[in-house]
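Me: I would like to learn how to read a few backbone and strand features in a structural model. Could we take them one at a time?

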Amino acid sequence: MSIQVFGLPVSRGVAIGRAVLVASSRVDVAHYFIDPTQVLDEIARLRRARDEVAEELVALKLEVPEEAHAELVALLDVHLMLLHDEMLADATKQWILERHYNAEWAMSAQLEVLARQFDEMEDDYLRERKADLEQVVERVLKALMRTSRRTRGEEPSAPVAPRDFGGDDQLILVANDIAPADMLQFKRGVFTGFVTDVGGRTSHTAIVARSMDIPAVVGAREASRIVRQDDWVIIDGDAGVMIVNPSAIVLEEYRFRQRQIELERARLHRLRNTPAVTLDGERVELLANIELPADAAAALEAGAVGVGLFRSEFLFMNRQGHLPGEEEQFLSYKAAVEALKGLPVTIRTVDIGADKPLDRMSTHELRHEHTLNPALGLRAIRWSLAEPDMFAQQLRALLRASAFGKVRVLIPMVAHLSEVAQIRAGLEAAKQQLQQRGQAFSDVELGAMIEIPAAALMIRSLLPHFDFFSIGTNDLIQYTLAIDRADEAVAHLYDPWHPAVLRLIEQTITVATAAGKSVSVCGEMAGDPAFTEVLLAMGLRSFSMHPAQISAIKQRVLRADTKHFAALLNNAMAADDPQAAWRNAAGQR
C-alpha cells in the first residue's frame, strides 16, 4: 500500500530509490560504509564485542546478591539468550556482508527491525522484552565503541559507491535525525536523497542536502517508523512529501519529472562562465560556501569567483575527541587556497556548539548541552576564546595559509566589543609567534559575522574593528524571532520575510556599504532565488551560497534591474506582509 508522509521541503528536486534506515539509539554510534575488503575484519570486530558482552553478563551473574538471586539471574539469562539469538547475531552479520555497513550501524539497523517485530506481538510479556533487547544492543554498541578501529589511530574507510553494495538501485537515507559528523561521512554521493523525522529549513541536515544538491524532506515526524529497510520511496523535494511504495503510474510520473529537472540543470550550468551583471550594469559577486578543501573544485566548476565561507568546524568533527593540530589545519586551509587558484577564500574560525557539538565533550558538557539551550551557550567565538590554545593554533594555521593565496578570516557570533579586543590581540600574538619562527604569512582581512541582532544594531561600533562583514541569515533569523531553527514544532514560525529580519539585514548592508566596507550574505537566503531581487534592492552586491545554487541565482541577477527593485523596497518592507507586498509589486509568482 502506498503511503504519503509530509514534511518540510528543504532541497528541491526528485529522488527515487530504496530506503536505508539509520535507527535512533540511546548510544550515539558512527555510521559509515566499509570497503569490501574489510568485511571479514568488521565481522570479527562484531564477534569480539559480542564475546566481551557475554563475558560481562556471566561475570554479573556471579556477583548477584543472594536476596535477589533468582530474579536477576533469570533476567541476565534472558540477555545472554538474546545476545546469541540468530535473529540478532546472524542477521547483524548480513547487514555487514550485503550492505557493507560498519558493525555499529549494522547492529542498530537490526535493532530497528527486531524492535518493530516486538511492537507487533500480541503477548504483553513478549512485547515487553523489547526493553531487554535494547539493553543488550546498547551493551554491544558500547563494546564496539571501546574496540573501535579509530581508537587505534585508523580512520573509517571512505564511503563506497552505491553499486558496490546495493545493486543498481539508488539509495535514500531515512532517519530520525542525522548528526553533522555522520553527514560528513554521507556527503560522498552515496545517497540521492534524505528524509528525517525532525529538523527545520535551516537545520544542518537541510543545509548539507542543499550543498549536495539532492532532494530532502525534514520534519517528517514518523517517517523513520513508517518506512522499512529497502522500501521503494520517492522524495518530492519541492512539495516536501515522501511517497512510500508508490504505484507504477506515480513512479513513472516522478521519473519524467526527474528527466525534466536534469535538463533544466544542464541549461543553467551553461551560465557558469557568464559574468554576473544586472540589466542596469551592477556587477554582483557570487561566491561559494564550502565545508572541506575537496569542495573547492565544485565551487570553481559552478563559476564561483571565490569562497565566501569555508566552514572550518568540519575539520574538528568525527575525530573521536582528537582535535586537529596547527599543521593539519594549515595543510587543509592551504589545499583550499591553492585549489581556488588566486581567488579569495574566506575561512570562518571554528563554529562549534548548538547543532554542531564536538564528540570530545565531557559527560557534564553534553548534559549541559541537552538540558539548556545550546544556541545561547558556549559556542562559536565564545568557545574559541574559552580555548585560547586551540584558537591560537587555528589563527596561526590560517595566517600560514595566507602565504599561498588571498585569505580572509571570518569570526562567527560577534556581539561584544570586549570579544573584539581579545580577537585582535589573539591575531597579533599569532603573527608575532610566526615571525619568531620565521614562517611566512601575508596580511589577512578580518571580518565579523552579523548573526546576532545585537551585532546588527551596533554595526556602526563594529566598523572600525573589521575589514568586512558577512550576514549569517540562518542564525540572525533564529535569534531575532526566538525560533530554534532545527525544531520542526516551531518551524512554521521561522520566517525570513519577517519585517524585523528584513530591517536588520537592510541596516547592516546600508551602514557597512556607506562606510566603504564590503558586506555579503552567506546564509541560506543568499542561495534562495525568492530573495535575490530583495537583497539586490537593499544594495547587496556579494552573495555566498552552496555551489549548486550559483547558476540559479546568476540567472536571477542577469534578469534584474536593481534601480527598479530598489524603488519597490520601502513600501514592501513597511507592509504587514512584506512577502505578499513584494511579490505583488515585483510581479513575482
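Me: In which loop does K341 lie?

Reply: This is a predicted model, and in it K341 lies in the loop between α12 (326-339) and β11 (345-348).

Me: Is K341 buried or exposed?

Reply: K341 is exposed, with a relative accessible area of 70%, where the cut-off for that word is over 50%.

Me: Where is A482 placed, and what is its phi?

Reply: A482 sits in the loop between α19 (473-481) and α20 (499-514), and its phi is near 55°, a positive value in a residue other than glycine. A482 is exposed, at a relative accessible area of 71%.

Me: Turning to strands, how do the side chains of a regular strand alternate?

Reply: In a regular strand the side chains alternate between the two faces of the sheet. In strand β5 (residues 193-196), G193 and V195 point one way while F194 and T196 point the other way, and all of them are buried.

Me: In which sense does β5 pair with strand β4 and with strand β6?

Reply: Strand β4 (residues 171-175) pairs with β5 in the parallel sense over four bridges, and β5 pairs with strand β6 (residues 216-218) in the parallel sense over two bridges.

Technical notes. Residues numbered from 1 in each chain as written. Predicted model: local features only at pLDDT ≥ 70, side-chain atom pairs only at ≥ 80, totals over all residues. Heavy atoms only, no water. Buried < 20%, exposed > 50% of the residue type's maximum accessible area, 1.4 Å probe, protein only. Pairing = 2+ DSSP bridges.
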